[in-house]
Amino acid sequence: MPIRFRFKSYAWSLGSTSFRMADFHRKIEEQLSLIHEFWAERENITWDKETQKDYYNFLYSKGFITGKITKDGDKAKTAREKTSGLTDIGLIDEKRKLTPVGEKLLEIVNSGDFSPDNEFQISKDSFIYLKQLIKTSCRVESG
């Protein structure tokens, strides 16, 4: 007699609504490069409100963000919004430094080799996203 499984819902929650953007994967990959560059210029600095403000200013200076924000608190909030989803999918850690997975994705981007070399025959960067999303979930219901 076959075993019957009850239907379960799944949802992925990545960052905030502000994290949603057009050309999602390209923006993620561009931001990983910018995060790498940002931290390369700063040693022994922690991810606090001052650093968040600096990160916003850095993103603005690189043209990643348009529309100048003048209030420091709003700059910090925007920096957190831009990075929260990257933390959720394991590309950066809570200190906003690249994880080994983030470094691997950045390596793929920098090499320009997106060729499909996996069992799903999808591009290398898409395969990383797939594996990260499989690891990332939140419970919709108990039980």
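Tutor: We begin with a term: a residue is buried if its relative accessible area is under 20%, exposed if over 50%, and partly exposed in between (1.4 Å probe, protein chains only). By that rule Asp-125 is buried, because its relative accessible area is 5%. Please note that this is a predicted model, in which local features need pLDDT of at least 70 and side-chain atom pairs count only at pLDDT 80 or more, while totals for chains, interfaces and linings use all residues. Residues are numbered from 1 along each chain as its sequence is written, and side-chain values use heavy atoms, with hydrogens and water left out.

Student: How many helices and strands are there in the protein chain?

Tutor: The protein chain has five helices and two strands. Helices (H or I, at least four residues) and strands (E, at least two) are DSSP runs, numbered from the N terminus. Read from the N terminus, the order is β-α-α-α-α-α-β.

Student: What share of the residues count as buried?

Tutor: Of the 143 residues in the protein chain, 34% count as buried.

Student: And what about contacts between residues 24 or more positions apart?

Tutor: Contact means heavy atoms within 4.5 Å. Among contacts in the protein chain with a separation of 6 or more, 54% come from residues 24 or more positions apart.

Student: Back to Asp-125, please. Where does it lie, and what is it in contact with?

Tutor: Asp-125 lies in helix H5. Leaving aside neighbours within four places in sequence, Asp-125 is in contact with His-25, Glu-29, Leu-105, Ile-108 and Phe-114. Its C-alpha atom is 7.8 Å from that of Val-109, a residue 16 places away in sequence.

Student: At what angle do H4 and H5 pack?

Tutor: Helix H4 (residues 100-111) and helix H5 (residues 124-135) pack at about 160 degrees, and their axes are 9 Å apart. H4 is therefore roughly antiparallel to H5. Axes are lines fitted to C-alpha atoms, for helices over the stretch in contact, and angles run from 0 to 180 degrees between N-to-C directions. Angles under 35 degrees count as roughly parallel, over 145 as roughly antiparallel, 65 to 115 as roughly perpendicular, and the rest as oblique.

Student: Which residues meet there?

Tutor: From H4, Val-101, Lys-104, Leu-105 and Ile-108 meet Lys-124, Asp-125, Ile-128, Tyr-129 and Gln-132 of H5. By class, this contact has five nonpolar, one polar and three charged residues. Here Ala, Val, Leu, Ile, Met, Phe, Trp, Tyr, Cys and Pro count as nonpolar, Asp, Glu, Lys and Arg as charged, and the others, Gly among them, as polar.

Student: A change of topic: how are H1 and H3 arranged?

Tutor: Helix H1 (residues 24-40) packs against H3 at an angle of about 105 degrees, with the axes 11 Å apart. The two helices are therefore roughly perpendicular to each other. Ile-28, Gln-31 and Ile-35 of H1 make the contact with Lys-82, Thr-83 and Leu-86 of H3. These residues divide into three nonpolar, two polar and one charged.

Student: Is Leu-86 buried or exposed?

Tutor: Leu-86, in helix H3, counts as buried because its relative accessibility is 0%. The C-alpha atoms of Leu-86 and Ile-28 are separated by 7.5 Å, although the residues are 58 apart along the chain.

Student: And Thr-83: what does its side chain reach?

Tutor: Thr-83 is found in helix H3, residues 72-88, and is buried, with a relative accessible area of 1%. Its side chain reaches the backbone oxygen of Ala-79 at 3.0 Å. The side chain of Thr-83 also makes a polar contact with the side chain of Arg-96, at 2.8 Å. A polar contact is a pair of N or O atoms within 3.5 Å; within protein, one must be able to donate a hydrogen and the other to accept it, and residues adjacent in sequence count only if both atoms are side-chain atoms.

Student: Which residues have a positive phi?

Tutor: Asn-44 has a phi near 55 degrees, a positive value in a residue other than glycine. Asn-44 lies in the loop between H1 and helix H2 (49-61) and counts as exposed at 80% relative accessibility. Gln-121 also has a positive phi, near 55 degrees. Gln-121 lies in the loop between H4 and H5 and counts as exposed at 55% relative accessibility.
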